[in-house]
Amino acid sequence: MNPALRDSAAHVFVDDLAAPALGDADLHHLSNVLRLRDGESVSASDGAGRWRTCEWRGEALRVADDIVTVAAPSPRIGVAFVPVKGERSEWTVQKLTEIGVDDIVVLAPTRRSVVRWSNVDKQLDKLRAVAREAAMQSRRTHLPTVTGLVSLAAALARPGAVVADPQGGELAGGPLPALVVVGPEGGFDPEELPAAVARASLGGTILRAETATLVAATLLVAQRHVHAASTR
C-alpha cells in the first residue's frame, strides 16, 4: 500500500476527484468525530481504483497531489452468505470488506434460514453503507459490490462458485474459487444442493455462519496473493 494512502489521517470516497467534495455524513465524521486539524492529510478515492492526496483546510478538501490509479485485485473473489441474526450480517459485511473481498453476495432465505428480512431494500442499503465505511477505514480504493437477495441456485450457477462444506476438498492450495457460498446455521438442506456442485472445506471444526465467511475470505485472499506471486 502506498505510504501516503496508509498514513493519511482519513480516507473518503468522493464523486469527482478533480474537485473532491464531501457529503454531509463524511464532513461530520472528519470535523466532529476525527476532529481533523488544518493541514492534515486526507486521501480521497472514487471507489474504482483512482485516488489522490488532499489537505484538510477550512472543513473542506484541497487537492494536494496527482491522481494515482491502482489496478483492481485479480482475480476477483467473493463470498455469499445467508443473513444471520441481529447485527451479525452488518459485522460480516464489515469484516469481509476489511479483509479484501470484491463481491459480497447476500443469499435469499434457504430452508434452514432463521432470518427473513421484511424490508430488503432498506437492509441492503444499510449493508452497502457498512461496506463503504469499512472500505474507508481499511484504505481500500476499490469498493466491494454488495448484491442481494440472490437465490442459492443463481449463486451456485456463477462460474467458479463452490459451497463451503466440511466434506469438501481443502480450499487452500487448490484452484482459486470465484465465490465461496456459506450456508446458514445448520448448513444447507442436502436437497437444495445439486449433486455435482463443487465443495470446499474451511477446516476441521464446525463454524458459526459468520465465522465461516471470514475464514473463507481469509483463505481466498491468501490464495490470491500466492496466485499473483506465481504469475509475476
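Which helix gives the largest share of the lining of the largest pocket, and how many residues is that? The answer is H6, with four residues.

This is a predicted model, so local features need pLDDT of at least 70, side-chain atom pairs count only at pLDDT 80 or more, and totals for chains, interfaces and linings use all residues. Residues are numbered from 1 along each chain as its sequence is written, and side-chain values use heavy atoms, without hydrogens and water.

**Stop 1: the largest pocket**

Select Val70, Ala71, Pro73, Arg224 and His225. Of the 25 lining residues, these are the closest to the centre of the largest pocket. The space there is about 590 Å³. A pocket is an open set of points on a 1 Å grid over the protein atoms alone, with protein on both sides within 12 Å along at least five of seven lines; a cavity is a set of points where a 1.4 Å probe fits but cannot get out; lining residues have an atom within 4 Å of a point. Volume is the space filled by probe spheres set on the points, which are joined across faces, edges and corners.

Now colour helix H3 (88–99) and helix H6 (209–230). Each supplies at least two lining residues. Helices (H or I, at least four residues) and strands (E, at least two) are DSSP runs, numbered from the N terminus. By class, the lining has 11 nonpolar, eight polar and six charged residues. Here Ala, Val, Leu, Ile, Met, Phe, Trp, Tyr, Cys and Pro count as nonpolar, Asp, Glu, Lys and Arg as charged, and the others, Gly among them, as polar.

**Stop 2: the second largest pocket**

Select Ala164, Asp165, Pro166, Gly187 and Leu207. They lie nearest the centre of the second largest pocket, which is lined by 22 residues. Its volume is about 460 Å³. E9 gives the most to this lining, four residues. The classes are 12 nonpolar, five polar and five charged.

**Stop 3**

A salt bridge is a side-chain nitrogen of Lys or Arg within 4 Å of a carboxyl oxygen of Asp or Glu. Is Asp165 buried or exposed? Asp165 is buried, at 14% relative accessibility. Arg199 is partly exposed, at 31%. Buried means under 20% relative accessible area, exposed over 50%, partly exposed in between (1.4 Å probe, protein chains only).

**Stop 4: other salt bridges**

The structure holds 16 salt bridges. Pick Glu40 and Arg37, which meet at 3.9 Å, N to O. Arg37 is exposed, at 61%, and Glu40 is partly exposed, at 24%. Next, pick Asp46 and Arg50, joined at 3.4 Å, N to O.

**Stop 5: the cavity**

Select Arg88, Glu185 and Glu210, a network of salt bridges. Arg88 and Glu185 are also among the residues that line the largest cavity, as are Val82 and Pro184. The volume of this cavity is about 90 Å³. Its lining has six nonpolar, one polar and four charged residues.

**Stop 6: a strand pair**

Finish on strand E7 (residues 103–107) and strand E8 (residues 145–150). They pair in the parallel sense over four bridges; strands pair if DSSP finds at least two bridges between them. Val105 has Thr147 in E8 as its bridge partner.
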